[in-house]
Amino acid sequence: MTALTACGGGGSTTPGTTTATATPTPTPTPTDSTAQANAVVQQFLNLDLANLDNYAAPTLPAYYDNTVDAIDNTPANDPVTDPIATLGRVLFYDAALSVNDTTSCATCHQQNIGFDDDERLSTGFQGGLTSAHAMRLGNIRYYEPGEMFWDRRADDVEDQATQPILDATEMGWSANGGLAALITKMEGLAYYPTLFEFVFGDGAITEARIERSLAQFQRAMISSDSRWDQSYAQIFAAGAPGRALNQALPGFTASEQRGRELFMTGVNNGGAGCQTCHQPPTFALNANSRSNGLDAGETEVFKSPSLKNVGRSTFFMHDGRFTTLRQVVDHYSDGVQAGPALDNRLQQGGVPRRLNLTIDDREALVDFMETLTDDTLAADARFTDPFIR
């Protein structure tokens, strides 16, 4: 198996390191007063611990109903909470989590481009490049199996959270004392013991708590306000055939409508069948999806992020080989290669399927995917850098 490295998108497993499994526990009542905690953290952070942002109960469209809940990989006994997600926000943006204070999770997952990276391969703490492109994080919670990274090697979002921190290229702790050394460093930063005590009831900084906090913050990154969402909300009816996904959407151009039709309609009915793998309304990957035939003979079963905000990305696929959405569409139209890992939906009669889309239809699919851009998530203050710079 090829080792893949990218901040949150595909780090390489470092020999001799292990990742602790978080055991969720109820959040204790903080022992320090909120005012005392604020006096400490507000020297460093634009946070008000007495008025936390809402991560636990976001307002979502009606179609984010039980059908979406069924694919939510949030642990049933550890739902997102405002205090823990707030701590996750601090961890996500803190370059002090790298060995030399240069790199944070947000370095490779930038909010304004859909929590993606604007480089093909991410730059690590010492200037080295990762071997895979970083993944977008929006709707990360709606990949039902929960496995993370392009190669699915992490069991869940929690398991994923500290691997980039340990990685020798990304944030560097595997060769510099491991998480024990990081925790010692964090204990010397005044805001972390205070925040951990505020959130968990005591100031102990542990791997499990770091993982849990980062995972909750990332699961809170829900994308539900793209142009597609705004239009679909006007026609959605739970009892309508296909939940009204095949109906024309108000405000769409002719090309966007054609792209929607191709995306939502199965291949046997004249469409491109994209939605069988990229499931609306979250546009996260279907649980049983396999690889997409990028290379002949491919044996690795890759996953993909949600297509929400795909129009903000500048590199696509696990190695960032494509630089436009048109190239992505061209691949699915006539570039899929045979191999053991190829998804059966991309085959016909045992050979790669060729859609042979017209030029207009290719552009229509691109136009449709651009409607999945969520400007709200890209600017949401809850997910911005909390540090006073």
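Me: Why does Phe236 count as buried?
Reply: In this predicted model, Phe236 has 17% relative accessibility. Buried means under 20%. Phe236 falls under that cut-off, so Phe236 counts as buried.

Me: What makes Tyr63 count as buried?
Reply: The same cut-off applies, under 20%. Tyr63 has 1% relative accessibility, so Tyr63 counts as buried.

Me: How many aromatic pairs does the structure hold?
Reply: There are 23 aromatic pairs.

Me: Why is the pair of Tyr63 and Phe236 called edge-to-face?
Reply: Two values settle that. The ring centres lie 5.7 Å apart, and rings pair if their centres lie within 6.5 Å. The planes stand at 70°, and planes over 60 degrees apart count as edge-to-face. So the pair is edge-to-face.

Me: How do you know that this pair links distant parts of the chain?
Reply: Tyr63 and Phe236 are 173 residues apart. Tyr63 sits in the loop between helix H1 (34-41) and helix H2 (66-69). Phe236 sits in the loop between helix H10 (227-235) and helix H11 (254-264).

Me: What makes Phe92 and Tyr93 an edge-to-face pair?
Reply: Their ring centres are 5.4 Å apart, and their planes are at 70°. The cut-offs are within 6.5 Å for a pair and over 60 degrees for edge-to-face.

Me: Which residues form one aromatic cluster?
Reply: Among them are Tyr63, Phe236, Trp228 and Phe368.

Me: How do you know that Arg153 lies over the face of Phe149?
Reply: Arg153 is 3.7 Å from the ring centre of Phe149. The distance cut-off is within 6 Å. Arg153 counts as lying over the face of that ring.

Me: What makes the radius of gyration of the chain agree with a compact globule?
Reply: With 389 residues, a compact globule would have a radius near 21 Å. The chain has 21 Å, so the two agree. Of the 389 residues, 55% count as buried. The chain has 14 helices and four strands.

Me: Which helix gives the most to the lining of the largest pocket?
Reply: H12 does, with five residues. Helix H12 (325-334) and helix H13 (359-370) each supply at least two. The lining has 44 residues, and Cys277, His278, Asn292, Val328 and Tyr332 lie nearest the pocket centre. By class, 26 are nonpolar, 12 polar and six charged. The largest pocket holds about 830 Å³ of space.

Technical notes:
Residues numbered from 1 in each chain as written. Predicted model: local features only at pLDDT ≥ 70, side-chain atom pairs only at ≥ 80, totals over all residues. Heavy atoms only, no water. 1 Å grid on protein atoms, 1.4 Å probe; cavity = no way out; pocket = protein on both sides within 12 Å on 5 of 7 lines; lining within 4 Å. Points joined across faces, edges and corners; volume = space filled by probe spheres on them. Nonpolar A, V, L, I, M, F, W, Y, C, P; charged D, E, K, R; others polar. Phe/Tyr/Trp six-rings, centres within 6.5 Å; stacked < 30°, edge-to-face > 60°. Buried < 20%, exposed > 50% of the residue type's maximum accessible area, 1.4 Å probe, protein only. Lys NZ or Arg CZ within 6 Å of the ring centre and 35° of its normal. Rg over C-alpha atoms; globule rule 2.2 N^0.38 Å.
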